[in-house]
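Subject: Structure handover and notes on salt bridges

Dear colleague,

I am passing on a structure for you to look through, and my notes come after it. Please keep it open beside this message while you read.

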Amino acid sequence: MKPVGILGGMGPEATILLMQKVLAAVPARDDADHIPLIVHQNSQVPSRIKALIEGGGSDPMPVLISMAQDLERAGAQALAMPCNTAHHYAVAVTHATSLPFLNMINLTAARLATAGARTVGMLASPATRKAGVFETAFAAHDLTLLWAEDEEALLSIIRAVKAGEALDTLAPRLGHIAARMTADGADHLLIACTELSLMAHALPPGTPHTDSLDCLVEAIVSFAKA
C-alpha cells in the first residue's frame with residue numbers, strides 16, 4: 001500500500017482522531033493490513049485563527065510548505081491535511097511538492113452533492129467563512145452555505161477543545177447551535193472543523209449530517225489501497 005503524508009497538529013487531538021478513523025476504516029487481520037501514514041504532528045504551525053480572523057498573526061503558509069516537503073522526503077506518495085481552515089493555503093501546499101493533494105474541501109463538496117444536500121449548516125471556524133475556504137467548491141455543486149448566527153459561540157467551543165476542556169460540557173452547546181441552524185433552514189449539517197468532529201454525537205437526531213474528516217479518511221484509504 002502507498003503511504004499518505006499527514007500535515008497534522010492543527011490541532012493535535014484532531015490529527016489523532018484522523019488516525020483513529022483511518023485505523024477503524026480498514027477490516028484488518030494483522031498490522032500489515034493497515035494504511036501506512038507518515039504523520040507530521042506539528043503543533044507549532046502558526047494559528048490560522050490569528051492569521052485569518054484577528055490579523056497580525058504569523059503566516060502559516062511557509063510552515064505548511066516546509067511540512068509538505070518534509071513528508072515528500074520521508075516517502076509519502078500523497079498528502080492530506082485534516083484542518084478545514086488550513087485549506088485556505090491548499091494551493092501553496094499542492095504546489096510545494098510533486099505529490100497529489102487529497103483536498104478535503106473538494107471531497108466534502110462532492111459528498112454533499114451526492115447526498116442531495118442543498119442548504120448546508122456550517123459547523124466551522126469563522127475563519128473558514130472569512131477566508132472563503134468553501135465557496136468555490138460549494139458553488140461548483142450548487143450548494144448554499146448557512147453560517148452560524150452566533151459565530152463567537154462556535155469559536156469559543158473550538159478554542160475550548162484546543163484548551164482541553166471536557167467534551168461532555170461542550171457537546172450540548174454545539175448541539176444547540178446545530179439545532180438553531182436546522183430551524184433556520186439547513187437541510188444538512190456539515191462538521192467542518194476537526195475539533196468539532198470530536199462531538200459529532202451532539203448533533204440533533206433526524207437531521208442528515210456529514211463530517212469533512214470522514215470524507216478525507218475515505219480518500220486516504222482509497223488512495224493507499226489503489
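This is a predicted model: local features need pLDDT of at least 70, side-chain atom pairs count only at pLDDT 80 or more; totals for chains, interfaces and linings use all residues.

Residues are numbered from 1 along each chain as its sequence is written, and side-chain values use heavy atoms, with hydrogens and water left out.

A search of the whole structure gives nine salt bridges (a side-chain nitrogen of Lys or Arg within 4 Å of a carboxyl oxygen of Asp or Glu). One of them joins Glu218 to Arg111, with 2.7 Å from N to O. Because Glu218 is in helix 10 (residues 212-225) and Arg111 in helix 5 (residues 104-114), this pair ties together parts that are 107 residues apart in sequence (helices, H or I, of at least four residues and strands, E, of at least two are DSSP runs, numbered from the N terminus).

Glu149 is exposed at 62% relative accessibility, whereas Arg180 is partly exposed at 41% (buried means under 20% relative accessible area, exposed over 50%, partly exposed in between, with a 1.4 Å probe and protein chains only).

Finally, Glu195 and Lys162 form a salt bridge whose closest N and O atoms are 3.4 Å apart. Glu195 is buried at 5% relative accessibility, while Lys162, at 43%, is partly exposed.

Best wishes
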